[in-house]
Amino acid sequence: MSGVEALVRAGYGVVFRTVFAKMDPERAHHLAFAVIRLLPKVPFVAGAVERYARPSAGDGITTMGIHFPSRFGMAAGFDKDARAISGLGVLGFGHVEVGTVTARPQPGNDRPRLFRLIADRALVNRMGFNNHGAVKAAGRLERARRNPGRPVIGVNIGKSRVVSVEDAVDDYLESTRLLAPFADYLAVNVSSPNTPGLRGLQEIDHLRPLLAAVHEAADRTPVLVKIAPDLTDEQIDTIAGLAVELGLAGVIATNTTVERGGLTTPEADVQAMGAGGLSGAPLGERSLAVLRRVRAAVPAGFCVIAVGGVTTEADVQARIEAGATLVQGYTAFLYEGPTWAMRINRLRRRRLRRA
């Protein structure tokens, strides 16, 4: 670890313990997000950070017809409105999956809706797809695509809350038509626990027409489906098989979980947080198991993106060895700080040199 990286990491640890940990998590997120957005606007600083954070050329991979500069990227949920793509790229993320974006703007669920489980290095969220809608996202994405050296851009789309499950296909299609022209790939989110009825779309009778329609409307933009970790093995096999049958580009495994077992945080505190999806380190074992199940059910060249419980470079490598084409993280970013991706990239460079 370089002296600068160690200093920044130590400094962030102090700031997290003394400031962020005592602040409402959503407010802390907005403050950090604002800094990341501003980073590309300070060229001298951004250039220096980017040179150090840049992933190894040997860690790149081509999948879905897209060249990814590294295996590691930012999962959906951090940049809901496509406003920090360049900043996240500067920090070393090889791809950024923005969203979840819905066809209609919506404020999301009532606050508080984001909770830290610091002892578990985890989060519980019930954000509810708060975003400015597909029209505004399309404009931002169009501008982001023009930036030289940008990361690969994925767009995660979901159902608008005011739309019934019966009308979900048309709602997803509206987002697809607006966003697919500006996305390197689309991720169909049917697995968040925070929108009523959404997970029911994973049932095959609902999922088949939805994915078929989005795949057709997306034209040449690759389409993946993001699944929940709470599915049975049979459901996982069925959805993976459907994705292959329909000609989708891949599967993302997994979203957050509604399970609360095995936590260090006191049970009373967890119950007080209420409903929502759990992410972070406690999800790692289950997410890895789902990844292995998906990989066993799809062809070798089929893209499988692993997300859930990823903190270290060793976690990234474990998922690659389990069959992941790409790996994403999010929750650990809040705990590890701004040098997280560059640290993973540095350790991957070291691993590749040894290999």
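**A sheet, a helix pair and an aromatic cluster**

Let me begin with strand β6, residues 122-125, which pairs with β11 in the antiparallel sense over 4 bridges; pairing here requires that DSSP finds at least two bridges between two strands, and helices (H or I, at least four residues) and strands (E, at least two) are DSSP runs numbered from the N terminus. What we are looking at is a predicted model, in which local features need pLDDT of at least 70 and side-chain atom pairs count only at pLDDT 80 or more, while totals for chains, interfaces and linings use all residues. Residues are numbered from 1 along each chain as its sequence is written, and side-chain values use heavy atoms, with hydrogens and water left out.

Within this pairing, Ala122 stands opposite Gly280 in β11. The open sheet has 3 strands in the order β5-β6-β11, with antiparallel pairing, and its edge strands, β5 (114-117) and β11 (277-280), each pair on one side only.

Turning to the aromatic residues, Phe33, Phe72, Phe78, Phe93, Tyr330, Phe333 and Trp340 form one cluster, where rings of Phe, Tyr and Trp (its six-membered ring) pair if their centres lie within 6.5 Å, with planes under 30 degrees apart counted as stacked, over 60 as edge-to-face and the rest as tilted. By this rule the count comes to 11 aromatic pairs. One of them, Phe78 with Tyr330, is edge-to-face, at 5.8 Å centre to centre and 80 degrees between the planes. Phe78 lies in the loop between β3 (72-74) and α4 (85-90), and Tyr330 in the loop between β13 (326-329) and α12 (331-336), so the pair ties together parts that are 252 residues apart in sequence.
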